[in-house]
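Dear colleague,

Please find below the structure I promised to hand over, together with its sequence. My notes on it follow.

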Amino acid sequence: MAHTPQSIERYLDDFSLVMTAHVNEQYTALRISQMTRLSEKLVKEYIELYNQYKENSDCQYRLEQIQVRAANLFERCKKNRGKDQ
């Protein structure tokens with residue numbers, strides 16, 4: 001359990017991106033893997049976690065927070081892309 005705060009932030013970012021691509025875009029695990037450069041196995045694990053907890057009322061607030069996190073990540077990515085051009 002010796003994960004650094006930066007590692008935990010990265011895990012949350014990765015999960016939020018996978019969840020958003022899966023839920024909002026209905027992308028396959030393979031497509032999400034290619035987009036995020038995460039292994040297809042990890043993407044499938046994140047999708048399984050999401051599917052396991054999406055109907056649990058105790059988890060709704062946290063999943064909503066994660067969706068907001070993903071939206072913020074997308075906005076940062078868009079801003080960064082604009083700087084590169």
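Helix α3 contributes the most to the lining of the largest pocket, giving four residues. Please keep in mind that this is a predicted model. The elements that supply two or more residues to this lining are α1 (5–25), α3 (40–53) and α4 (60–84). The volume of the largest pocket is about 230 Å³. As background on how such spaces are found, rolling a probe the size of a water molecule over the atoms shows where empty space is left.

The next point concerns the packing of two helices. At what angle do α1 and α3 pack? The angle is about 75°, and the axes of the two helices are 9 Å apart. Because angles from 65 to 115 degrees count as roughly perpendicular, α1 is roughly perpendicular to α3. On the α1 side, the contact is made by Y11, D14, F15, V18, M19, H22 and V23. On the α3 side, the residues are V43, Y46, I47, L49, Y50 and N51. Sorted by class, this contact has ten nonpolar, two polar and one charged residues.

How many does the model contain? The count comes to four salt bridges. One of them joins E9 and R69, whose closest N and O atoms are 2.3 Å apart. Since E9 lies in helix α1 and R69 in helix α4, the pair ties together parts that are 60 residues apart in sequence.

Finally, a word on the overall architecture. The protein chain has four helices and zero strands, and its pattern along the sequence reads α-α-α-α. Taken along the principal axes, the C-alpha atoms of the protein chain fill a box of roughly 45 × 30 × 25 Å.

With kind regards

Note on methods:
Residues numbered from 1 in each chain as written. Predicted model: local features only at pLDDT ≥ 70, side-chain atom pairs only at ≥ 80, totals over all residues. Heavy atoms only, no water. 1 Å grid on protein atoms, 1.4 Å probe; cavity = no way out; pocket = protein on both sides within 12 Å on 5 of 7 lines; lining within 4 Å. Points joined across faces, edges and corners; volume = space filled by probe spheres on them. Axes fitted to C-alpha atoms, helices over the stretch in contact; angles between N-to-C directions. Parallel < 35°, antiparallel > 145°, perpendicular 65-115°, else oblique. Contact = heavy atoms within 4.5 Å. Nonpolar A, V, L, I, M, F, W, Y, C, P; charged D, E, K, R; others polar. Salt bridge = Lys/Arg side-chain N within 4 Å of Asp/Glu carboxyl O.
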